[in-house]
Amino acid sequence: MSATARKTAPLPDDILAMKGDTPIVSLTAYTTPMARMMDAHCDFVLVGDSVGMVLHGLPSTLGVTMDMMIMHGAAVARGLEKSMLVIDMPFGSYEEGPAQAFRNAAQLMRETGAVAVKLEGGEHMAETIAFLVARGIPVMAHIGLTPQSINTLGGYKVQGRDDQAEQLLADARAIADAGAFSVVLEKVPATLADQITAEIPIPTIGIGASAGCDGQILVVDDMLGLFTAFKPKFVKRYAQLGTDGEAAIAAYAADVRARSFPAEEHTFADKAPGK
Ligand code: KIV
């Protein structure tokens, strides 16, 4: 069913059931107005830890905290009715082991209303994923380019080329076996993304992967042209709100300096006599 036709938000099982059927549509959001704008068009909305770079000017996602995720998660939840809310677990909030992951995932869900969490990692996170799922926490996994591991990956490079392909396939299988309801494939060669999509029983959500994935996700500020620090090859800009916004601000500044704003229609007259 399309997001526009749906009256209530899907659950993770509904997203799982879309595998191999209708493409799953998703974007990130960090604020209530942005969430409202996408609610009727997306199947799920991700409060990504990309918030740190996109809204807070951090150099990577490593500085994002639980408090930041909770504040933005709660804001996005207030803007959603038809779209499912997924929230990223920030760096350092789940890697120690299943118990730490459960405690922090439960807090994220309790304080934001998110129905699922996303965490980065493949085979080595399988035990944690299984632990969370067994205790009522739906998990979306994230493999390929995993930005929280940027310092060990050595940069924002394509992942899974040549001899890395087998490991990514093993990661995808392990995640699915552990009970994740979907997996994000970031910056993975298209043929490998297609192979993973064909092999595992859960939906693959591509970002810089393949049109053959079961769904797609983009960082909303990237596709709207609002985040202009850099543009990854996989981003298609559907608008240029950054340059349009700067032109609008320049026009406002010129109007104020020329005393042509505010005009009469923006100001208030004295109270009419007798009223
Ligand atoms: O943090 C994020 O925005 C993400 C998406 C790019 C998948 O993880």
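**Burial and cysteines in a predicted model**

Student: Why is Cys-42 called buried?

Tutor: Cys-42 has 1% relative accessibility, and buried means under 20% relative accessible area, exposed over 50% and partly exposed in between (1.4 Å probe, protein chains only); therefore Cys-42 counts as buried. This is a predicted model, in which local features need pLDDT of at least 70, side-chain atom pairs count only at pLDDT 80 or more, and totals for chains, interfaces and linings use all residues. Residues are numbered from 1 along each chain as its sequence is written, and side-chain values use heavy atoms, with hydrogens and water left out.

Student: How do you know that Cys-42 is in no disulfide?

Tutor: A disulfide is a pair of cysteine sulfur atoms within 2.5 Å, and by this rule the count comes to zero. For Cys-42 the nearest cysteine sulfur, that of Cys-213, is 16 Å away.

Student: What makes Leu-132 buried?

Tutor: The relative accessible area of Leu-132 is 0%, so the residue is buried. Leu-132 lies in helix α6 (residues 126-134), where helices (H or I, at least four residues) and strands (E, at least two) are DSSP runs, numbered from the N terminus. Beyond its neighbours within four places in sequence, Leu-132 is in contact (heavy atoms within 4.5 Å) with residues including Phe-102, Ala-105 and Val-139.

Student: Why does the span of helix α4 agree with expectation?

Tutor: The expected span is 1.5 Å times one less than the number of residues. The twelve residues of α4 (residues 66-77) should therefore span 16 Å, and the end C-alpha atoms are 16 Å apart, which agrees.
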